[in-house]
Amino acid sequence: MSGAESFANIFRIPELKRRVLFTLGVLIVYRIGAHIPTPGIDGAALAEIFEQAKGTILGFFDMFSGGALSRLTIFALGIMPYISASIILQLLTIVSPHLAQLKKEGEQGQKKITQYTRYGTVLLCAVQSAGMAVGLEAMKSPGGAPIVPDPGWYFRLMTMLTLTAGTVFIMWLGEQISERGIGNGISLIIFTGIVAGLPSAVGMSLDLMGTGELSVLIGLLLVVVMMAVTGFIVFTEGGQRRIPIQYAKRVVGRKMYGGQTSHLPLKVNTSGVIPPIFASSIIMFPATIAQFIDHPWMQAVSAALAPGNLGYSLIFIGAIFFFCYFYTAVIFNPTEVADNMKKHGGFIPGIRPGPKTAEYIDQILSKLTFYGAIYLSFICILPDYLIKYLNIPFYFGGTSLLIVVGVSLDTMQQIESHLVMRNYDGFIKKGRLRSRRG
């Protein structure tokens, strides 16, 4: 079956069709909002500043917001405050008995934690938007034009209200996609923001090749590197360590149950694209505030946290390793897996059921997470230096490429699950489990 026929199958399933169209509709709303300007800003003067900021942390943040920051639209803060609030709440569950108890209460407890995350998002938005408003008032374009023609408390309060409301609306859109659409809403919003900048980046590169500012050889090298990195991401994201599981035979009445062999799949990169997103959010928060404060010390901090610098790389890699282990521990509990195996009569050959099994799984998972962290660090850092030393005039590094590929694969797998569950052929031909009846 061709790819076109597989795509057509989506519209033969009413529920899947509704979910896909709902997701596309929400993403269109997000892109429309990314072009609605914040009141009180001189757009032309701001554009001159961002023209000089390409390849810096401002360009990096603008890429994640889909260009909303460079235009200072109502979605200028993007979804990063929500991600930062999520990080803080997940870290607090370790040290706060109240939050730890809520986490154990299942769905109701998770709803409460989500509510706290929303409150934290509003607080972070207020702080970031206030810092941006004050910083913008002091900024001027290279030509000397002020970014804010009429500074004052009215502009500051209006900016805080507008940017905070914009991020809260994006947060709501992401939750609606996760609940009523297809894929992870927050990841898809980040994905959309990154992909929205691709046409302009390609057009800019072609223009520069035409004028001779960017050599054809460098352009081709960039394309080859991106294709190679994309292939490496697809290959690694599908990598698994399969632990064999044997189920003991047991007799119930006159029938014998069990005796079959299965496996426990452990992914090389269990945490997916979450660590780079979290790490980027951690770096973006102080770097963005520093960028808008006209003080030598703050400007030095902003420069040190720009992609391609050693300080940025070390902090970014350290954050990736931390969040790889942290998020893997959050979503995968070896003790629970070992207990469930024991209850159903399953065991790993050569390993005693119970605590020994949990310890064995934890050891393998720790090694896989270490390799996964190295893989993520390599993918996210290497293109930064290639872009820096090849003087590429736009930012599209490994983090963005990883997010685009990872979110695409995850969304395709979810669509695939809907298709296969209803006996339709999906997109993935090789290695897919077919669950046809009869």
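Cys125 is buried in this predicted model. Its relative accessible area is 0%. Cys324 counts as buried too, at 1% relative accessibility. Does Cys324 sit in a disulfide or stay out of one, and what is the nearest cysteine sulfur? Cys324 is in no disulfide. The nearest cysteine sulfur belongs to Cys380 and is 9.1 Å away.

The largest nonpolar core has 50 residues. Which of them touch the most other members? They are Ile79, Ile83, Ile190, Ile233, Phe316 and Leu402. Helix H14, residues 310-331, supplies the largest share of this core, with eight residues. In soluble globular proteins, nonpolar side chains tend to be buried together.

Now take a residue in helix H2. Thr23 is found in this helix, which covers residues 14-33. Thr23 is buried, because its relative accessible area is 4% and the cut-off is under 20%. What does Thr23 touch, beyond residues up to four places away in sequence? Its contacts are Ile177, Gly181, Ile182 and Leu188.

Helix H15 spans residues 334-343. Its buried residues are Pro334, Val337, Ala338 and Met341. Seen down the axis of H15, these fall within an arc of 95°, so they line one face of the helix. Glu336 and Lys343 are on the other side of H15, and they are exposed. An α-helix has 3.6 residues a turn, so residues three or four places apart point the same way.

At the start, a side-chain oxygen of Asn333 comes within 3.0 Å of the backbone nitrogen of Thr335. After the helix comes Gly345. The phi of Gly345 is positive, near 75°.

Last, the sheet. Three strands form an open sheet, in the order S4-S1-S5, with antiparallel pairing. Strand S4 (261-267) and strand S5 (346-347) stand at the edges. Each has a single partner strand, so one side of each is left without a neighbour in the sheet. Strand S1 covers residues 240-247 and pairs with S5 over two bridges, in the antiparallel sense. Which residue of S5 stands opposite Tyr247? Gly346 does.

Technical notes
Residues are numbered from 1 along each chain as its sequence is written. This is a predicted model: local features need pLDDT of at least 70, side-chain atom pairs count only at pLDDT 80 or more; totals for chains, interfaces and linings use all residues. Side-chain values use heavy atoms; hydrogens and water are left out. A nonpolar core is a set of buried Ala, Val, Leu, Ile, Met, Phe, Trp, Tyr and Cys residues joined through side-chain atoms within 4.5 Å. Buried means under 20% relative accessible area, exposed over 50%, partly exposed in between (1.4 Å probe, protein chains only). Helices (H or I, at least four residues) and strands (E, at least two) are DSSP runs, numbered from the N terminus. Contact means heavy atoms within 4.5 Å. The arc is that of the directions from the helix axis to the C-beta atoms. A polar contact is a pair of N or O atoms within 3.5 Å; within protein, one must be able to donate a hydrogen and the other to accept it, and residues adjacent in sequence count only if both atoms are side-chain atoms. Two strands pair if DSSP finds at least two bridges between them. A disulfide is a pair of cysteine sulfur atoms within 2.5 Å.
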